[in-house]
Amino acid sequence: MNGVPTLHRIGGGLVLLLILFTPFVMLWLGKPFWLDIFTRLVILAIAASSLSLLLSVAGLASFGHAAYIGLGAYAVGIPVYYETYGGADWLASYSGWWHVLLGVTVCALFALVTGAISLRTKGVHFIMITMAFSQMILYLLVALEEFGGDDGLSVDLRSEFVVPGAQVLGIPALNMEEPWVFYLVCFAMLLLVLFIVAKLRHSHFGRVLQAAKQNELRVKALGINPYRYRLLAFVVAGIFAGLSGILFANYAYFVSPSMVEWTRSGELMFMVILGGVSTLFGPVVGASVFVLLEHFLSRFTVFWHLPFGILLLVVVLFGRGGIIGMLKREPKT
Amino acid sequence: MDWTLVLTQAINGLQLGILLFLLSAGLTLTFGIMDLINLAHASFFMLGAFICAWATLYFDSFVVGIVCAILGTALLALIVEKTVISHLYVRDHLDQLLATFGLILIADTAVHLIWGPAGLAIPLPSQLQGQVRFGELVVPTYRLVIIGVGLLIAATLYWLVNKTRAGMLIRAGASNRQMLSTLGINVKLLFTSVFILGAVLAGLGGLLIAPITEASIGMGNDIIITAFVVIIIGGIGSIKGAFVAALLIGFIDTFGRAFLDTIFALFMSVDSAETAAPAVSAILVYLLMALILVWRPQGLFPPKLR
Amino acid sequence: MPFKELNTVMKKSLFFSAAIASLTAMPLVATAADIKIGFVTTLTTGGAVIGNDMRDAVNLAVEQLDSTMGGKSFEIIFEDDGFKPEIGKQATEKLVKEDNVDIVAGYIWSNVLMASYKAVTRADKVIISANAGPSAIAGKLCHENFFSTSWQNDQTPMAMGELLNARGVKSLYMMAPNYAAGKDMVAGVERTFKGEFAGKDLTKWGADAQLDFSAELAKAKASGADGLVVFYPGKAGGAFIKQYQQAGLSGQLPLYTIFTVDSLSLPNLQKANMDGILGSEMSMFWGPDLDNPTNQQFVAAFKEKYNRYPSHYAAQSYDAINLIASAANALDGDFSDTGKVREALMKADFESIRGSFEFGSNHMPIQNFYARKVVADDNGDWTTSITKTVFESHQDVYAAECKL
Amino acid sequence: MSVLETNNLSKRFGGVVATDAVNLSLQKNRVHGLIGPNGAGKTTLIAQLAGQLVPDAGRVILNSRDITRLGEPARVRAGLTRTFQISALFNDFSVLENVAFAVQAKAGHSFRFWSNVGQNKKFNDRAHELLELLGLSNQAHANASALSHGEQRQLEIAMALATKPLVLMLDEPMAGMGAEESMRLIQLLQELKHDTTLLLVEHDMDAVFALADDLSVLVNGALIATGLAADVRQNPDVIAAYLGTST
């Protein structure tokens with residue numbers, strides 16, 4: 001069979017290994033901040049991978065993906081807030097299981113409702129209507145005065161993941177407050193999301209999405225209405241982005257409406273496209289480059305937006321297929 | 001209800017609508033004809049304001065400032081079109097979004113480096129500083145100027161698009177892109193001209209509002225999203241649609257901000273009304289867009305034969 | 001063929017990996033200073049107007065201290081918060097974890113401070129706010145490692161309420177942005193103002209803040225109030241003043257401002273001929289003409305170096321560095337024991353631009369508040385002048401909630 | 001027995017009558033030719049039969065079932081499939097994947113998330129059979145976009161056949177084909193009519209006359225003649241309106 005997929009896997013595996021080990025090497029070298037940077041990197045890679053399910057597999061340019069990160073984040077922020085300061089007993093909890101349940105449910109419902117409406121439109125209308133829904137979430141969060149409104153909300157403690165009975169068996173509970181433990185949790189989540197996205201990509205379901213991306217008319221002429229498949233993809237992508245939001249709230253000890261600004265959705269798109277839209281590991285590479293670039297450029301100058309903007313232009317104008325696309329291309333002889 | 005207040009707000013809504021129209025007109029044309037999503041339209045809005053402010057202060061004349069701003073934005077638009085935008089016409093919307101987002105970052109930083117972070121105020125000639133009285137109603141003169149100039153531009157655009165040969169081409173392009181090349185039109189020239197026209201209109205919008213809000217970095221990034229909402233509601237490529245939708249949104253936004261808290265206070269506590277109202281009035285515009293897209297996926301006035 | 005491809009992809013992946021690795025391993029800029037102070041403020045976006053003023057004041061203090069405190073050399077590492085809580089929080093983490101600073105100071109915005117302060121306290125280091133003073137951190141969330149050289153948000157508007165009473169205002173219209181500080185300001189005025197509210201508006205804030213206040217101004221005018229109080233820091237302030245004047249309200253509806261008119265906005269307003277602002281009053285803990293030697297020295301040095309009046313942001317930042325220096329002097333430049341650092345800071349044994357400086361139990365300053373009026377100075381430049389003392393040795397109301 | 005019929009099917013665009021009370025009837029296991037000058041409304045008629053356009057009036061009946069209100073995918077599932085005048089393929093898929101996907105579409109819902117569809121033996125075997133039938137076996141792993149024009153037309157038919165249609169509507173299948181390819185396709189269609197019923201819209205008159213058992217002639221949206229091919233060819237109206245001028 002065609003060798004390229006295997007090669008991708010090797011390359012992707014290398015990138016993942018590098019992401020996994022670099023912060024530990026840096027930690028060992030006495031630079032603990034890199035654990036922070038890489039935690040952020042991995043969380044954004046999860047969000048970008050979830051977006052790539054829509055963007056690359058299904059060809060749906062959702063411009064409101066940041067909304068799910070925000071919803072996931074508040075699904076941690078609000079229960080922790082109530083547990084810390086009292087009120088709303090039914091909601092209040094430090095339990096990570098509860099946060100995940102809450103975040104996933106809310107994101108799935110939001111994706112279901114807004115997807116059902118958005119997917120009736122096409123092209124640029126789809127881009128704008130997804131953005132509109134995301135803006136609504138933004139202003140909704142701003143209006144939640146109880147939870148800090150515009151200022152956001154501090155998350156005092158990270159989610160606790162207690163496995164019932166684990167202590168009895170002598171397995172220690174996950175200490176999410178320990179940065180490297182939390183990092184490994186995020187990394188495991190990235191692996192899980194990548195695995196599921198890869199599975200979906202090659203499944204019956206994924207093939208319908210890919211076919212509909214290429215030629216919707218033909219898919220209908222073969223007796224399949226792509227609408228429900230797209231809607232499901234929209235919901236799945238929303239759930240994964242919500243998971244990344246849950247992790248983000250834990251990472252930052254902080255949630256705020258600014259996580260939902262449209263520029264954030266744009267950044268996620270940039271990561272997917274930067275890495276290369278047609279590959280599984282593209283979003284991971286894109287998120288890595290984005291985060292590292294942001295870090296290094298901002299260290300050289302506070303005006304790092306200038307080189308960053310130029311880079312954006314260069315990537316779009318000359319780097320078709322993103323970084324992975326460039327790696328794949330044979331050098332011209 | 002106080003009718004002077006309602007009237008004042010109506011004038012404010014009209015002014016906001018006109019401003020939105022200036023921004024959306026170029027956006028809807030570039031979108032309709034070149035199929036280009038141009039976020040960097042926001043930057044021309046800002047650049048128009050900054051160049052005008054700088055020239056007004058430097059030459060001590062608002063009129064010179066306006067002329068400089070128009071020429072300046074036109075020149076910058078020409079450069080940007082030739083170097084970046086013209087390569088984007090054949091790309092998909094995503095590439096366009098990202099590349100023009102990159103342009104925004106560049107423009108914002110460049111303005112910060114040139115004029116500093118503070119922004120620039122535009123001093124108005126004293127004739128424009130005062131107020132005009134209509135019985136009970138007192139309106140700042142300058143706001144009437146904005147409305148007047150905006151309506152004049154709208155009328156000119158209407159004439160340009162509907163009564164001239166260039167306008168015929170623009171309309172043809174907005175409804176059927178293939179037709180242009182079959183008509184033997186210099187498509188490149190048409191695209192460049194339309195892009196510059198749009199940029200200048202955006203720059204005009206920026207310089208008109210700057211005496212009220214000051215020219216500040218990223219001032220266009222806030223309003224560009226609303227302008228996109230306008231062209232989606234109005235129907236992409238339709239000047240008429242942009243005009244109607246801009247006024248609609250101008251009124252809805254202004255009246256929402258002005259009266260929503262009073263309305264909310266009817267059925268909730270004054271305190272919660274005062275915090276809920278701004279959020280809800282901010283959402284109103286997007287809600288309207290979502291509803292209209294569900295009802296008419298192509299917007300209110302889609303150009304025919306798409 | 002597959003082998004060749006494998007080869008290329010492997011090579012390139014390795015190259016990519018090596019690139020990441022080498023970037024990551026890039027040596028930090030080596031610093032020789034003994035003491036490192038992180039300073040988080042806004043250096044990009046419109047908020048940079050304030051951030052630059054603070055940075056200028058900090059640099060002035062560094063210059064005057066000759067980069068030494070407690071016999072040790074020190075340096076300031078500035079970080080930009082980009083006007084956003086997350087970026088500020090990230091910058092704070094970087095200062096604490098990568099630069100390993102001894103103390104973190106700065107913070108213009110309440111939300112940035114709230115997002116960031118735990119990153120510092122978690123590392124058991126001290127954080128000094130040079131501006132933001134949200135109620136939570138003065139009250140129930142107060143922390144032994146948190147200090148402020150500014151004020152608690154409520155204090156200035158409370159002084160405003162008192163000032164309004166003194167000026168005989170009976171009916172008030174108030175406008176502020178819809179975020180925590182904005183609401184604190186409204187609450188602060190309500191605490192002391194004895195007349196009634198003819199109305200109030202909370203307008204959209206944040207990245208896409210509302211800058212056209214025509215709708216609100218029309219309402220204010222129609223309300224029949226005899227006083228208008230606004231809180232619009234940064235660029236929104238300038239925009240507001242313009243519209244206030246264009247709407248023809250100067251002379252009709254007297255304007256009182258909180259953190260809106262300052263040395264940053266006045267030169268701009270003067271350039272735009274907004275003379276409606278002349279004579280308007282504000283409340284503030286400080287003014288460029290506050291009569292004490294430290295302040296006069298500070299204002300003169302600042303004007304000489306930067307050719308403009310310092311703002312209160314600058315004054316607070318100047319105080320923050322000098323406060324740190326006082327602790328360094330007490331500890332011979334040894335910041336390793338955070339407990340001792342706290343004790344030394346608490347004494348506040350330094351020459352403040354306020355004249356005297358005293359911390360309350362919640363580590364917020366106890367201080368005077370004054371009424372200031374916009375005037376033209378001898379050179380015709382617009383500035384503010386203190387007209388009366390509104391509060392003496394005023395402590396914020398949240399100190400009681402703080403269990404320190 | 002009539003498999004597919006329309007009753008007074010009508011469609012207007014603004015003032016233009018595109019379909020004028022058309023009564024068409026397709027007999028089982030026969031090839032029904034539909035001809036008419038350019039702009040007669042053939043493609044519009046096909047679009048209404050396929051469910052892409054909603055008629056203003058009239059009914060479409062498939063196997064005695066009224067399908068006028070069914071959407072396009074539902075009609076395909078009911079057994080009414082079309083091919084496109086301009087090949088509509090999945091250009092990023094291989095030839096095999098194109099057909100395998102069409103097989104997948106027929107196989108029932110695709111809410112299956114785990115197994116690798118590329119390795120589905122059932123789909124691939126059936127796809128290979130169809131490629132064999134159309135003579136595309138040696139191109140199975142090529143990208144669909146790499147095929148020649150004629151091959152793309154054949155792939156188009158292979159995909160349509162994968163849905164096992166009761167009625168297959170072919171919109172100018174020979175367009176752009178070389179003589180030899182056309183001959184092969186004509187043979188193939190001859191065989192196909194034993195399993196299915198064909199509606200053939202075609203400009204190549206030789207092909208139509210070689211294949212069509214029945215023939216309908218559409219002019220200005222209206223059927224001016226319909227019936228046995230041999231009879232219709234003799235119809236003086238048809239000769240006057242169409243055959244006489246066009247060929």
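Two residues are in contact here if their C-beta atoms, placed from the backbone, lie within 7 Å. Keep that in mind as you work through this predicted model.

**Exercise 1.** Find what Cys52(B) touches, not counting residues up to four places away in sequence.

*Solution.* Start with the list: Cys52(B) touches Gly65(B), Ile66(B), Cys68(B), Ala69(B), Ile122(B), Leu207(B) and Ala210(B). Next, look at the bigger picture. The largest nonpolar core has 427 residues, and Cys52(B), Ile324(C), Val99(D) and Ala158(D) touch the most other members. Helix 2 of chain A, residues 33-57, gives the most to this core, with 17 residues.

**Exercise 2.** Work out how helix 1 and helix 9 of chain B are arranged.

*Solution.* Step one: grab the angle and the distance. Helix 1 (residues 3-34) and helix 9 (residues 187-213) of chain B pack at about 165 degrees, with their axes 8 Å apart. Step two: angles over 145 degrees count as roughly antiparallel, so helix 1 of chain B is roughly antiparallel to helix 9 of chain B. Step three: check the crossing, which is left-handed. Step four: sort the residues of this contact, and you get 18 nonpolar, four polar and no charged.

**Exercise 3.** Is Asn98(D) buried or exposed?

*Solution.* First, locate Asn98(D): helix 3 of chain D, residues 95-106. Now count. The cut-off for buried is 20 or more other C-beta atoms within 10 Å. Asn98(D) has 31 C-beta neighbours inside 10 Å, so Asn98(D) counts as buried. Leaving aside neighbours within four places in sequence, its contacts include Leu89(D), Phe93(D) and Met159(D).

Methods:
Residues are numbered from 1 along each chain as its sequence is written. Chains are lettered from A and ligands numbered from 1 in the order in which they are written. This is a predicted model: local features need pLDDT of at least 70, side-chain atom pairs count only at pLDDT 80 or more; totals for chains, interfaces and linings use all residues. Axes are lines fitted to C-alpha atoms, for helices over the stretch in contact, and angles run from 0 to 180 degrees between N-to-C directions. Helices (H or I, at least four residues) and strands (E, at least two) are DSSP runs, numbered from the N terminus. Angles under 35 degrees count as roughly parallel, over 145 as roughly antiparallel, 65 to 115 as roughly perpendicular and the rest as oblique. A crossing is left-handed if the near helix is turned anticlockwise from the far one by less than a right angle, and right-handed if clockwise. Ala, Val, Leu, Ile, Met, Phe, Trp, Tyr, Cys and Pro count as nonpolar, Asp, Glu, Lys and Arg as charged, and the others, Gly among them, as polar. A nonpolar core is a set of buried Ala, Val, Leu, Ile, Met, Phe, Trp, Tyr and Cys residues joined through C-beta atoms within 7 Å. A residue is buried if 20 or more other C-beta atoms lie within 10 Å of its own, exposed if 12 or fewer, and partly exposed in between; C-beta atoms are placed from the backbone.
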